Amino acid sequence: MQAFAKATLIALSLTAAGLASAQGVRVEKNMSLDLATQIAAATVASCSAAGYNVAATVVDRAGTVRAVMRADNAGPHTLEASRLKAYTSASAKNTTLAIMEGSQKNPAAANLGDIPGYLLLGGGVPVKVGNEVIGAVGVGGAPGGHLDEQCAIAALDKVKDQLK
């Protein structure tokens with residue numbers, strides 16, 4: 001009986017140790033430079049086709065810039081706007097248009113725009129593999145955040161086969 005109890009205790013200890021170590025190391029999907037570059041280029045191309053001169057910034061899941069493209073004739077402000085929108089979207093795991101609208105409708109969320117690095121204007125869209133956010137694309141320069149967002153969504157549609 002004592003040997004059985006000892007064997008059970010050892011088995012439980014090994015199981016607990018295995019679970020603890022499994023929880024200590026995470027495996028996460030992330031975005032390659034090639035994919036980020038494709039998304040940025042497709043975003044600028046989509047907006048250019050609509051007559052908008054924009055900048056597009058793609059960030060990884062941590063909000064770190066992976067790729068940037070700026071169309072000819074895009075204003076200098078579009079670079080920082082696109083970066084901030086991408087960062088905001090990746091950080092909040094939502095579109096910046098939805099975050100902006102939520103902050104306007106909900107007094108408890110009104111201060112979201114005060115978070116350093118956040119820009120609550122439409123044009124930031126998360127990049128997802130299934131339900132997992134692996135980054136975001138931010139667009140600045142179209143005459144309205146909803147138009148920036150449309151360009152980003154069109155670009156993500158072009159690379160959707162790679163987001164599996």
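Analyst: Ground rule: two strands count as paired if DSSP finds at least two bridges between them. Helices (H or I, at least four residues) and strands (E, at least two) are DSSP runs, numbered from the N terminus. The model is predicted: local features need pLDDT of at least 70, side-chain atom pairs count only at pLDDT 80 or more, and totals for chains, interfaces and linings use all residues. Residues are numbered from 1 along each chain as its sequence is written, and side-chain values use heavy atoms, leaving out hydrogens and water.

User: Which residue in the hairpin of β1 and β2 takes a positive phi?
Analyst: Four residues sit between the two strands. With a phi near 85°, the one to look at is G63.

User: Which residue of β4 is the bridge partner of A55?
Analyst: β1 pairs with β4 (residues 132–140) over six bridges, in the antiparallel sense. A55's partner there is G140.

User: How many residues of β1 are buried?
Analyst: Buried means under 20% relative accessible area (1.4 Å probe, protein chains only). A55, T57 and V59 point one way, and A56, V58 and D60 the other, all of them buried. β1 (residues 55–60) is largely enclosed by the rest of the structure, because the buried count is six of the six.

User: At what angle do the axes of α2 and α5 cross?
Analyst: Axes are lines fitted to C-alpha atoms over the stretch in contact, with angles from 0 to 180 degrees between N-to-C directions. For α2 (residues 33–49) and α5 (residues 145–158), the axes come within 8 Å and cross at roughly 130°.

Notes: Buried < 20%, exposed > 50% of the residue type's maximum accessible area, 1.4 Å probe, protein only.
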